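Here's a quick tour of a model, section by section. Have a look at the fold before reading on.

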Amino acid sequence: MTLLAPPAAPPAEQAAPARKTLARRLVPYGYLSPTIVLIVVLMVVPIVMVISYSFRDNVIVQENSVFAGFANYTKVLTDPDFLVAMKNTAVFITVSMVAHLVLGLTFAMMLNTQLLSGVTKAIFRIVYILPWLFTIAVIAVIWRLLLDPSGVINYVLHSIGLINDGVNWLGDPGKALWAVTFINIWSGYPFFMISLLAGLQGIPNDLYEAAAVDGTNWFQRFRHVTLPQLRPVIISMAVLDLIWTSQQFALIWMTTGGGPLNTTEMLSTYTYKQAFSEYEFSTASAAAVIVLLLTMVLAFFYVRQQRER
Amino acid sequence: MAVAIKTKRTFAKAGVITGLIIGGLFAGLPVLWMLSTSFKSNGEVFQNPPKLITSTFSLDAYTAILGNGTQLRYFLNSYIVAIAVTLLTLLVALLAGYAFSRFNFPFQKTINAVIVSVQAVPPITLVIPYFGLVVALGLYNTYPGLILTHMVFTLPYAIIMITAYLNTLPKELDESVKVDGGTGWTALWRILVPISVPGLIAVGVYTFMISWNEYLFALTLTRTDDMRTVPIGIQMLMGQHSYEWNQMMAMSILGSIPVLVLFLLFQKRFIGGLTAGAVKA
């Protein structure tokens, strides 16, 4: 903590206690200094940079960029590709979130059953968490294999007579968005499940006993005990899930790359392409700032929800 | 009456088991298929009808990956980056957690709120200025560039978790060191760190996972094979040999082993840590 030592000049007798208090007051900032430096370098500076990029032209690629006002924003917001990306992202995150919630809650309730032994439940729990343990790059190649036109999923659907020919799930403009959403549902439900399982285990048993005494059936107990008790967890998980899914880049990039014909283009892939395929860093920055603002709206709801808890 | 209840219970049990098995197949079959494909010869991958258990079991795909210097380098890079990120994150977060847990100071709430909000910032927003910064600082295509940028994901979570952990330890512990003439610094390292090991392990495992799995920054901030990490390596494999499915699956399994092992070893602690606070996945 040499950083926090008082100035080199020896302090006068009377001033000593005051200086000591000042030094003592600085101690916590000393412990926090590496964090503060990192947050400034990794967060504050980059956000200021991206905002300033978004108001300038020819950033990064040329030495002299010029002030452009809102031109980049106008360009992005009138770009049909961006509007398609907005729409796709909205569908992708909403459908994923609802499915994550339904699957997560169903699985959590099955894993919380009193009817089975602890060991059985522990084994199933590991199986159910599996999808979450693989990195997105791995998930992308697994599902590219499974969903291949001559892959095993098409084989099964064909054998039971649901389809006639191999379907190119990730390559058909009418199906690709649903295919990537399905993959995201598979890879993301365990996190909901784990949180909801913890939530279920926290519901006091006497609530169910009291409800049972009142002669309620299973559905009534679910509706009037389980759901209200889980409400805070469900709401915060839902908002967090919308935020995270909206940030999903790797899955889209490695399965469809945003195609075919923009049908799976997301805000993240659109921004990435503007920057690193088109080298239009100025428009990419404007898109990135819009993404940041949209996320802040969601984060605002999350924080408000947390305060109420 | 008793028989009726018992029958009802048996039905309920059968229903739950059926449900669990269906869900288990949904969760587990894709993983099983990956494993099975990694043992097949490439000609067998799309054979009709498909077989879950291959008749010509072979480890060729694994030897092909492990005998390839480029692929091994991806693994080495991932280990270097993830271990460095984990150690640095733990160190920085421990100091910050100590400050939050043991001191009251001006702007404490503000700084804390900033750290929490970092978690919500979209990586795609950061990657553009990071690219500019990393190039300007001469860190493009280097380990430090990746290690530093990965910490934006790992640090907030680690600080929140470590602060919560330290808050559970009584303050009398550090006071006893101070009575003996020690400083807060000695109290932290001699007393708090040794008894925080379980908490630090949970945070460390999670940090390692985040860094090991990170994709966007690794894709953008590195360029050459000697700096690429495993997730990018898997993608490169897909680009180069789009038909070597068995090798892609073998590489995916090899790339997942560190995280799977860490998870199985520390499962309980890990899930507890995860659900203690809403944490970034």
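Over residues 123-146 of chain A, what share of the chain is helix, and how far apart are the end C-alpha atoms? This is a predicted model, and in it that stretch comes out as 92% helix and 0% strand. Its end C-alpha atoms sit 25 Å apart.

Residues 281-303 of chain A go to 100% helix, again with 0% strand, and there the end C-alpha atoms are 31 Å apart. Both ranges carry the "transmembrane region" label in the UniProt annotation, which comes from an unreviewed entry. That annotation also puts the label on residues 29-55, 90-111, 176-198 and 233-254 of chain A.

## Two domains in chain A

Chain A splits into domain 1, residues 2-54, and domain 2, residues 72-308. Taken over C-alpha atoms, the centres of these two domains of chain A are 42 Å apart. Where they touch, domain 1 of chain A puts in four residues and domain 2 of chain A puts in seven. On the domain 1 side of that contact in chain A, three residues are nonpolar, one is polar and none is charged.

## Where chain B meets chain A

Now for the contact between chains: 67 residues of chain A are in contact with 70 residues of chain B. On the chain B side, the largest share comes from helix H1 of chain B (residues 2-38), with 14 residues.

What classes of residue make up the side of chain B that touches chain A? There are 51 nonpolar and 18 polar residues, plus one charged residue.

How values were computed
Residues are numbered from 1 along each chain as its sequence is written. Chains are lettered from A and ligands numbered from 1 in the order in which they are written. This is a predicted model: local features need pLDDT of at least 70, side-chain atom pairs count only at pLDDT 80 or more; totals for chains, interfaces and linings use all residues. UniProt positions are given in the numbering used here, feature names are shortened, and annotations may be inferred rather than shown by experiment. Helices (H or I, at least four residues) and strands (E, at least two) are DSSP runs, numbered from the N terminus. Domain bounds come from an automatic or database domain assignment. Two residues are in contact if their C-beta atoms, placed from the backbone, lie within 7 Å. Ala, Val, Leu, Ile, Met, Phe, Trp, Tyr, Cys and Pro count as nonpolar, Asp, Glu, Lys and Arg as charged, and the others, Gly among them, as polar.
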